[in-house]
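The entries follow the structure.

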Amino acid sequence: MYKEYNAHPKGLKTSDCVVRAITTATNSDYLETRKILNRKKRELCYNTYKDTKFLYEYFQGYPRLIFKPIKGEPRIKGSDFTKLHPKGTFILKMTGHITACVDGVILDTWDCSYRSVYTAWEIKK
């Protein structure tokens with residue numbers, strides 16, 4: 001369900017979860033991904049590419065799964081998502097975090113599988 005993976009080219013553990021998640025899910029170059037995100041952020045007039053509204057615009061056109069809260073029930077967690085979606089590549093928007101899930105495994109620098117998932121975008125390769 002979780003495997004430690006750091007897409008940062010120098011292996012640094014920084015607050016770059018958006019870049020790492022997209023790089024991991026798309027199997028793209030980290031520095032090029034960061035450059036694209038920064039360019040798109042300026043085009044769309046956002047201060048940061050970590051802004052939820054920016055992410056919704058950036059991933060517009062990708063198949064999206066929405067996990068709405070159900071009164072009296074706990075939200076779906078990352079660990080639940082990995083069991084429900086054992087195949088495919090996804091970007092998960094979680095509580096205060098973005099991560100990649102590939103074939104039922106969350107790939108990140110730390111185990112965030114306990115966090116609630118709000119939205120997932122399917123990345124078709």
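I looked up Lys 35 and found a relative accessible area of 46%, so Lys 35 is partly exposed. The scale I used calls a residue buried under 20% relative accessible area, exposed over 50%, and partly exposed in between (1.4 Å probe, protein chains only). The model is predicted: local features need pLDDT of at least 70, side-chain atom pairs count only at pLDDT 80 or more, and totals for chains, interfaces and linings use all residues. Residues are numbered from 1 along each chain as its sequence is written, and side-chain values use heavy atoms, with hydrogens and water left out.

I then checked the partner of Lys 35. Glu 32 forms a salt bridge with Lys 35, with 3.7 Å between the closest N and O atoms. I noted the rule for a salt bridge: a side-chain nitrogen of Lys or Arg within 4 Å of a carboxyl oxygen of Asp or Glu. By this rule I have five salt bridges. Glu 32 is partly exposed, at 33%. Both residues lie in helix H2 (residues 30-43), three residues apart, about one turn of the helix. Helices (H or I, at least four residues) are DSSP runs, numbered from the N terminus.

Next I looked up Glu 43, which forms a salt bridge with Lys 40, the closest N and O atoms being 3.9 Å apart. Glu 43 is exposed at 52%, and Lys 40 is partly exposed at 29%. I also found that salt bridges with shared partners join Asp 16, Arg 20 and Asp 108 into one network.

Last, I checked Arg 20 and Asp 16, whose side chains meet in a salt bridge (2.5 Å, N to O). Arg 20 is buried, at 5% relative accessible area. Asp 16 is buried, at 5%.

Terms used:
Helix = DSSP H or I, 4+ residues; strand = E, 2+ residues; numbered from the N terminus.
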